[in-house]
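Q: I'm new to this one. Could you walk me closely through a single part, the sheet and the aromatic rings around it?

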Amino acid sequence: MPPDCSKDIWNNLTEDDIRGPLTGYTGIVDELHELYDKHSILLGFSIRKNTLRRDQKTGEIKERYFCCSKEGKRKENTKNTKKEEATVSSESKQKGQSKNPRQQNLTRTGCNASIRLKLQKDGKFIVFHHVIEHNHDLTRESLQNFERSQRKIDEEKGKVIEGLTLSGITPADSYRYMCNEAGDARVVGHTLVDHMNFTSRLKMKRLEEKDTQAVVNMLIKRGEEDPTFYFRVKVNEANQVISMFWRDGMMQEDYDVYGDVCVFDTTFRTNKYNLVCAPFVGVNNHWSNVMFGCAFIADEKTHTFVWLLETFLESMGGKAPITIFTDQDQAMENAIEQVFPNTRQRLCLWYLQKNAVSRFGDLKADNTFKDTFKKSESTNNAIGFKGNKSTSLTEFFHIFGATVDRWRYQEDQNEYDCGNALPKSDFPMVGMIKHAANVYTLTLFRDFEKQFKYAMGCISNVNYINGNFFGYKVQHESWPEHTAHYVAFDPTTNSIKCTCRNFEESG
């Protein structure tokens, strides 16, 4: 009799053992199912679970039956077939064309190949019957990866697919990625159809859990795990969630440091419920994006923006930004004036670019102006969300989290680079250049050096002297006359003001 099919016996089984009759092998059901699965791989067929028999009193499984996937024959549903043909015929007449009904291939051949398991007194099952012969051609080795029972998405692969899906990657792209990682589609272990079906089941699972409530539950869980995590949810009279805002502790820390300027963007309508995703974004000392908080809102009315801005202000300890960049939305403007009365409002880049031709005239040809102009870059391009109109709130929440993680990783990389390198300059590393290299990050030093180079080409003439004030006309020698700016210097307070107002805006 074959040995007990326990895990420590597996290593002793040869391919010839597994190819042959399996009658007499004992073990638990999963082990014997795995044994039959290996048998099917070696021979070239696919298996499926069939019937089982339980004890009428205890409900305990007494017998288990696994068979070839070609066992039995599909019954033809003549009623549905006739209905389908009638429907097609009717449509064809309306469209003036003929169309054959969809045909389903027959894959069952009535094959009797199978194994039967019976429970023994010792609690283990034994293979007491094995039909090894098939009534159909077996699949050659090079095509066995298409057999249904060989196409498996195990827990590990499932987590990879779910992670790629939550990152906004389409099922087709994530399947190609896994094929590339494996080296060949045959090695992946499942087909594109299996992959698409798996992602569909993931999405259905989230829908079953009620998408909005799932996100609220995640916010509650984050709040329980992290005392610095802040979130607020607004519901309507029907107790339906219509707005939500959240930020973690690091977002508050970033806002304390970099919150002078904030970009508030509501151009994202990338989820199936048409909710507006409204992130609050800033710029750090590496000229990279940092997230201050995010919200989902149902509409763009003044009272909705007031609730959101008041919530944001509360979450940041009452500190309002000095400057906030938005699109040109009257409801938003009204809310900002009400909640942030001392905050300067500016327009986001995408809106300014849209109106650049009519609003800025010759300035659009000024490279210096364009470089500075792009420093208030709209989060519409910078965030790079991968969501679309079918993206659920749960998926969007995970995409948002992945974006924040990516930004923070980049900031860590920038911090490491600044701590382990000094910038190289075209100028001697002395005086002001040396000081700037020590106090600025690598990115900001490049900006400073660029401005310093422009200063080397500027001509400054005293334009007037009025008491303690000195007025200068400053112009680059190669630029036209109308690009000149006027700088006022007060030596008693060591203050400088220029008509470009760049120092007041950018520092």
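**The sheet and its rings**

A: Let's start with a pairing: Arg232 has Phe245 of E7 as its bridge partner. This is a predicted model, where local features need pLDDT of at least 70, side-chain atom pairs count only at pLDDT 80 or more, and totals for chains, interfaces and linings use all residues. Residues are numbered from 1 along each chain as its sequence is written, and side-chain values use heavy atoms, with hydrogens and water left out.

E6 and E7 (residues 241-247) run antiparallel, with six bridges; strands pair if DSSP finds at least two bridges between them. Helices (H or I, at least four residues) and strands (E, at least two) are DSSP runs, numbered from the N terminus. The open, mixed sheet has seven strands, ordered E6-E7-E10-E9-E8-E11-E12. E6 (230-235) and E12 (344-347) sit at the edges with a single partner strand each, so one side of each has no neighbour in the sheet.

Back to Phe245: this residue is buried, at 0% relative accessible area (buried means under 20%, exposed over 50%, partly exposed in between, with a 1.4 Å probe and protein chains only). Phe245 and Phe312 make an edge-to-face pair, 6.1 Å centre to centre with 85 degrees between the planes. Rings of Phe, Tyr and Trp (its six-membered ring) pair if their centres lie within 6.5 Å; planes under 30 degrees apart count as stacked, over 60 as edge-to-face, the rest as tilted. Phe245 is in strand E7 and Phe312 in helix H11, so their pair ties together parts 67 residues apart in sequence. Phe312 is buried too, at 0%.
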